[in-house]
Amino acid sequence: MILLVQVVGALFGFLAVLFGAMGAHALQKTLSQDQLKSFETGVKYQMYHGILLLILGFNLGFTTALETYIAYSFILGTFLFSFSIYGLCLSDARGKKWRFLGPVTPLGGLLLLVGWALLFYSFIAHIV
C-alpha cells in the first residue's frame with residue numbers, strides 16, 4: 001500500500017505539471033477564460049493531493065483500515081474531481097460537453113472531504 005500511495009502521488013504530481021503546462025500554453029487559445037480557470041482548479045487540487053499522498057506514503061505505515069481508507073479516499077477523490085473537470089472543460093471547448101461528468105466532480109470533492117475528515121480523525125482518535 002505504501003508503494004501504491006507513493007507511486008500515485010508522484011504520478012498525480014507529474015500529470016499536474018504536464019496538464020498545467022498544457023493549460024498555460026497549448027490550451028490558451030482553445031479554452032475560454034472560464035474554462036481555463038476551471039482547468040487550473042483541477043490542476044491545483046491534483047497537485048495538492050499528489051503532494052499529500054507523497055507525505056502520507058512516507059509517514060504512514062498503512063497497517064490499519066483507517067489509513068487505507070484515507071489513502072483510497074484521496075486517490076479516488078482526486079481522480080474523480082480533477083479528471084472530470086478536465087473532461088468537462090475539453091469536451092465543452094469542442095462543443096460536445098460530456099454532461100455525465102457533471103455529477104462526478106462533486107462526488108470526487110466529497111471523497112476528498114472524507115479523506116481529510118478521516119485524516120483529522122486519525123490524529124484525534126486517541127483523545128476522544
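Biologist: Axes are lines fitted to C-alpha atoms, for helices over the stretch in contact, and angles run from 0 to 180 degrees between N-to-C directions. With that settled, at what angle do α3 and helix α4 pack?

Modeller: About 155 degrees, with the axes of α3 and α4 (residues 104–124) 7 Å apart. One caution on the source: this is a predicted model, where local features need pLDDT of at least 70 and side-chain atom pairs count only at pLDDT 80 or more, while totals for chains, interfaces and linings use all residues. Residues are numbered from 1 along each chain as its sequence is written, and side-chain values use heavy atoms, with hydrogens and water left out.

Biologist: Fine. What do you call the arrangement of α3 and α4?

Modeller: Roughly antiparallel, therefore, for α3 and α4. The cut-offs: under 35 degrees is roughly parallel, over 145 roughly antiparallel, 65 to 115 roughly perpendicular, and the rest oblique.

Biologist: Which hand does the crossing of α3 and α4 have?

Modeller: Left-handed, as α3 passes α4. That label means the near helix is turned anticlockwise from the far one by less than a right angle; clockwise would be right-handed.

Biologist: Step back a bit. How many helices and strands does the protein have?

Modeller: Four helices and zero strands. In sequence order the pattern is α-α-α-α. Helices (H or I, at least four residues) and strands (E, at least two) are DSSP runs, numbered from the N terminus.

Biologist: What does the C-alpha trace span along its principal axes?

Modeller: About 50 × 25 × 20 Å. Of the 128 residues, 41% are buried. Buried is under 20% relative accessible area, exposed is over 50%, and partly exposed lies in between (1.4 Å probe, protein chains only).

Biologist: And what share of the contacts with a separation of 6 or more comes from residues 24 or more positions apart?

Modeller: That share is 76%. Contact means heavy atoms within 4.5 Å.

Biologist: On to α1 and α2. At what angle do these helices pack?

Modeller: Helix α1 (residues 2–26) and helix α2 (residues 33–59) sit at about 155 degrees, with axes 8 Å apart. α1 and α2 are therefore roughly antiparallel. The crossing of α1 past α2 is left-handed. Their contact holds 16 nonpolar, eight polar and no charged residues.

Biologist: Which residues of α1 are buried?

Modeller: Among them are Val-5, Gln-6, Val-8, Phe-12, Leu-15 and Phe-19. The cover over the buried residues of α1 includes α2 and α3 (65–93).

Biologist: Now α2. Where is Gln-46, and what does Gln-46 touch?

Modeller: Gln-46 is in helix α2. At 0% relative accessibility, Gln-46 counts as buried. Leaving out residues up to four places away in sequence, its partners include Phe-12, Phe-19, Thr-78, Ser-82 and Tyr-86.

Biologist: Which residues of α2 and α4 meet?

Modeller: Tyr-45, His-49, Leu-52 and Leu-56 in α2 meet Leu-112, Trp-116 and Leu-119 in α4. By class that contact has six nonpolar, one polar and no charged residues. α2 and α4 pack at about 35 degrees, with axes 13 Å apart.

Biologist: Last one. How far does α3 reach from its first C-alpha to its last?

Modeller: 41 Å over 29 residues, close to the expected 42 Å. The expected span is 1.5 Å times one less than the number of residues. Gly-95 follows α3 and has a positive phi, near 85 degrees.

Terms used
Nonpolar A, V, L, I, M, F, W, Y, C, P; charged D, E, K, R; others polar.
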